[in-house]
Amino acid sequence: MKAVHFGAGNIGRGFIGETLAANDFAITFVDVNDTIINELNKRKEYTIELAAEGQQRITVKNVCGINNGQNPEEVVTAIAHTDLVTTAIGPKILQFIAPLIAQGISARKNSGNEEKLDCIACENMIGGSQLLKKEVYQHLNEDDKEYCDQYIGFPNAAVDRIVPLQKHDDPLLVSVEPFKEWIVDESQMANPSLKLTGVDYAPDLEPYIERKLFSVNTGHATVAYTGKTLGYTNIGEAIKDERVLNQLKGVLQETGALLIAKWHFDPAQHAQYQKKIIQRFENPYISDTIARVGRTPLRKLGYDERFIRPIREAKKRGLKYDKLLETVAKIYQFDVPSDDESVKLQQIIQNKFAEVVKETTSLQDQDLIGEIATQISAEFKK
């Protein structure tokens, strides 16, 4: 079987590529990074190293690459004959690859290919594949849309694997944590007969997306922002501080209560899930920088993002969100000159906390805006 994967970065090679290869797929990586694409075409394989004791290495074979900036027609041809399309390229980049995927779908139709195909966006966001579908449909004519409705699926997915900041002499070597989770919404699949070993399929993906977002993403960011206020520069050192660890546990307790109330997760199983998350953050082989984990603070303050969304929903249900509020206040202190969003945030604050909260979160709830603003003010006075 064949797969076309957009994004030959660390997540693409170290997570999605590994899983596809384990299912005997020949993988065509699509990227604009000449160095990586050339090396993939030269070697036809690459190495993954597990960030854990023993540092086990896994070889991924039967791979090649296409530079979509230089050879877009090759990408179209590959999509026309592939069995699966995946992405791990970043939510903001989906709109830029949509035209190529649309052309690939048109090519499938024009060649009479009636094999059903799923396009799965493995992005760190809610509804990634459906967003990709929306972008693709903007580049299809009516006949192509009818074909797409019948033969092409865009099932949403939830993915979870920490890939630390790294630099190797070998441009293809990638280090990843041993833990990985990939869940696909099978109700949105065009080809439900094609299911991958190592991937879970669920009739409703939303509970698992929120569990990951409100636990892993919220938790990781909590360690970053709390650690930053205490002067730490990397996650591994920060989480050793009892103050950071307690803040993390408090936040996970609040998001956990919300997830259990909303989705009826088993409390004991969810407690084990949270314990595993903390152990992942404590992994000494994964030493990510606070600047990288906490980057793009404006995006992380979004209305449907990892802090404001659980706060909104906890308030609606009468649940506690004190620790979440404390962490949100710390985000407004995230001053990293190399991060454009951090610079912008610091420029617009100027002690106008309520106005800044409303602008960055899109909240309309004046009481909740006031609560966050009060907490920010308290943090700045410490």
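**Exercise 1.** Leaving aside its neighbours within four places in sequence, with which residues is V199 in contact?

Solution. Before starting, note that this is a predicted model, in which local features need pLDDT of at least 70 and side-chain atom pairs count only at pLDDT 80 or more, while totals for chains, interfaces and linings use all residues. Residues are numbered from 1 along each chain as its sequence is written, and side-chain values use heavy atoms, with hydrogens and water left out.

- Step 1. Locate the residue: V199 is in the loop between strand 11 (181–185) and strand 12 (200–202). Helices (H or I, at least four residues) and strands (E, at least two) are DSSP runs, numbered from the N terminus.
- Step 2. Apply the contact criterion, which is heavy atoms within 4.5 Å. With the neighbours within four places set aside, V199 touches T19, W182 and V184.
- Step 3. Classify the burial. Buried means under 20% relative accessible area, exposed over 50%, and partly exposed in between (1.4 Å probe, protein chains only). V199 has 7% relative accessibility and so counts as buried.

**Exercise 2.** In what order do the six strands of the open sheet lie?

Solution. 

- Step 1. State the criterion: two strands pair if DSSP finds at least two bridges between them.
- Step 2. Take strand 1 (2–6) and strand 2 (26–31). Five bridges join strand 1 and strand 2 in the parallel sense, and K2 has A26 in strand 2 as its bridge partner.
- Step 3. Go on to strand 6 (84–87). Strand 1 and strand 6 run parallel and are joined by four bridges; here V4 stands opposite V85.
- Step 4. Strand 6 also pairs with strand 7 (residues 117–121), over four bridges and again in the parallel sense. T87 has A121 in strand 7 as its bridge partner. Between these two strands the chain passes through helix 4, and this β-α-β crossover is right-handed. The term means that, with the strands pointing away from the viewer, the path from the first strand over the helix to the second runs clockwise.
- Step 5. Write the order: 5-2-1-6-7-8, with parallel pairing. Strand 5 and strand 8 (152–153) are the edge strands, each pairing on one side only.

**Exercise 3.** Which residues of helix 3 are buried, and against which elements do they pack?

Solution. 

- Step 1. In helix 3 (residues 72–80), the buried residues are V75, V76, A78, I79 and A80.
- Step 2. These residues pack against strands 1, 2, 5 (63–67) and 6, and against helix 4 (94–110).
- Step 3. Look at strand 6 itself: L84 and T86 point one way, V85 and T87 point the other way, and all are buried.

**Exercise 4.** How many aromatic pairs does a search of the whole structure find?

Solution. 

- Step 1. Set the cut-offs: rings of Phe, Tyr and Trp (its six-membered ring) pair if their centres lie within 6.5 Å; planes under 30 degrees apart count as stacked, over 60 as edge-to-face and the rest as tilted.
- Step 2. The search finds five pairs. One of them is Y147 with Y151, at 4.9 Å centre to centre and 40° between the planes, a tilted pair.
- Step 3. Compare Y208 and F265, an edge-to-face pair with 6.1 Å between the centres and 70° between the planes. This pair links distant parts of the chain, 57 residues apart: Y208 is in helix 7 (residues 206–229) and F265 in the loop between helix 9 (242–263) and helix 10 (267–281). Y208 is partly exposed at 29% relative accessibility, whereas F265 is buried at 15%.

**Exercise 5.** Is K300 buried or exposed?

Solution. 

- Step 1. K300 lies in helix 12 (residues 297–300).
- Step 2. K300 is buried and has no salt bridge. A salt bridge is a side-chain nitrogen of Lys or Arg within 4 Å of a carboxyl oxygen of Asp or Glu.
- Step 3. The nearest side chain of opposite charge is that of D339, 7.0 Å away. Lys and Arg count as positive and Asp and Glu as negative; His and the chain ends are not counted.
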